[in-house]
Amino acid sequence: MSLQTQGHAAWDAQDAQALFALFPAGLQQYAVVFVDTAGCISGWSEGAYALTGFSAQDVLGQSVEILFTPEDAALELHLHELNSARLLGSSEDERWHMRKDGSRLWASGITVPLGSPDALRGFAKLFRDATHLRLRLDALEEEVRQLRRMRKEQNLVLATIAHELRSPLQPLTTATELLSQRTEPELRERATRILRRQIQQMERLVEDLVDMARVQQGALRIAYAAVPLQPLLEEAVDAWREAAARKQIALFSVLPPVPVEVEVDPGRITQVIGNLLGNAVKFTPAGGQVTLQANVEPQHFVVRIRDTGRGIGPELQPRIFEMFTQADGADTGRGKGLGIGLALVKQIVALHGGSVEVKSEGADKGSEFAVRVPLAKPATYLHGPLP
């Protein structure tokens, strides 16, 4: 290292002798900064210039604060570092420092006092650029956070699946006991209905789980067929009439009077409309109303499902179509459940080249889901899950 009073490096002769005793000439991996007792920079090495971009002319006579980030300088950590070195004999630290161009480097180093406690001449600050280590540590910490989130999500999903599978068990047990007894035909018929209803509920849960696994693997396929629209929608509505009647919910459908032929996967579209109707019935209180309305546009058919139920708060609407929204532990007000039905709706509609939207004015103000699907098979269509 050369002794300079002009250019990129500067220090006095006494400090230079101490510096040469520590480092071989020309070493630039380390920054060496000398600071006087007033906290101003009095010496500057080539390494300091190489790491920060500041030349000696830029910093000599300036407060050492120039190296600290604005938020650290506001806390006067540059003075704290010098005071710690004076009182304790040294101050080791790792923190962000500033470069001349405004970028930051993660500085790892030590500050030591020069002279004796009774005759303090200043301080020597030695640091190196450890930004690559800081970034690597940040990446590892983020990976750990993601793994923890994944474990939490898995635990929540497993707990919710257990809850969903456990819920039908009591009705199934009751129905089995009724059938095992010599009961009247009406009771036997009631028990049979209970069994059928709960088995269908479990079948829907399992089918949703299987379909969601197919989506994640990019294996969900669309089997197009030309079918009349009105019977397709009526089939989905009829599947929920009994459930709506049990809750005393009025279920209406308003369909175009003229027959409309569409080219879709009939089973998947029935699944989409069924999931939306199921949500509407589930989240609408007794005495409410659910309406399905269908219209035809030049290139699409549109199905709107409105309810007078709990509604959807503005904080939930942006992620209502994400997987496990109801199972993520948040207080959504949407009740128990895996929350994968709407995620499937979005994926299936997207595979058809369509879109789905939700509107709600808030809690207890109902909601509306609008599904827009091309009337005919697109020239190209997606085969896998949305990114």
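Helices (H or I, at least four residues) and strands (E, at least two) are DSSP runs, numbered from the N terminus. This is a predicted model: local features need pLDDT of at least 70, side-chain atom pairs count only at pLDDT 80 or more, and totals for chains, interfaces and linings use all residues. Residues are numbered from 1 along each chain as its sequence is written, and side-chain values use heavy atoms, without hydrogens or water.

View A. E242 and R246 pair at 3.5 Å, N to O (salt bridge: a side-chain nitrogen of Lys or Arg within 4 Å of a carboxyl oxygen of Asp or Glu). E242 is partly exposed at 43% relative accessible area (buried is under 20%, exposed over 50%, partly exposed in between; 1.4 Å probe, protein chains only). R246 is partly exposed too, at 46%.

**View B. The hairpin of strand 3 and strand 4.** Strand 3 (residues 91-98) runs antiparallel to strand 4 (residues 104-116), joined by eight bridges (strands pair if DSSP finds at least two bridges between them). E92 stands opposite I110. Five residues separate the strands, and G102 in the turn has a positive phi of about 95°.

**View C. K100 and D58 form a salt bridge.** The closest N and O atoms are 3.1 Å apart. K100 lies in the loop between strand 3 and strand 4 and D58 in helix 3 (residues 56-59), so the pair ties together parts 42 residues apart in sequence.

**View D. R95 and D72 form a salt bridge.** Their closest N and O atoms are 3.1 Å apart. R95 is in strand 3, D72 in helix 4 (residues 70-74). Both are buried.
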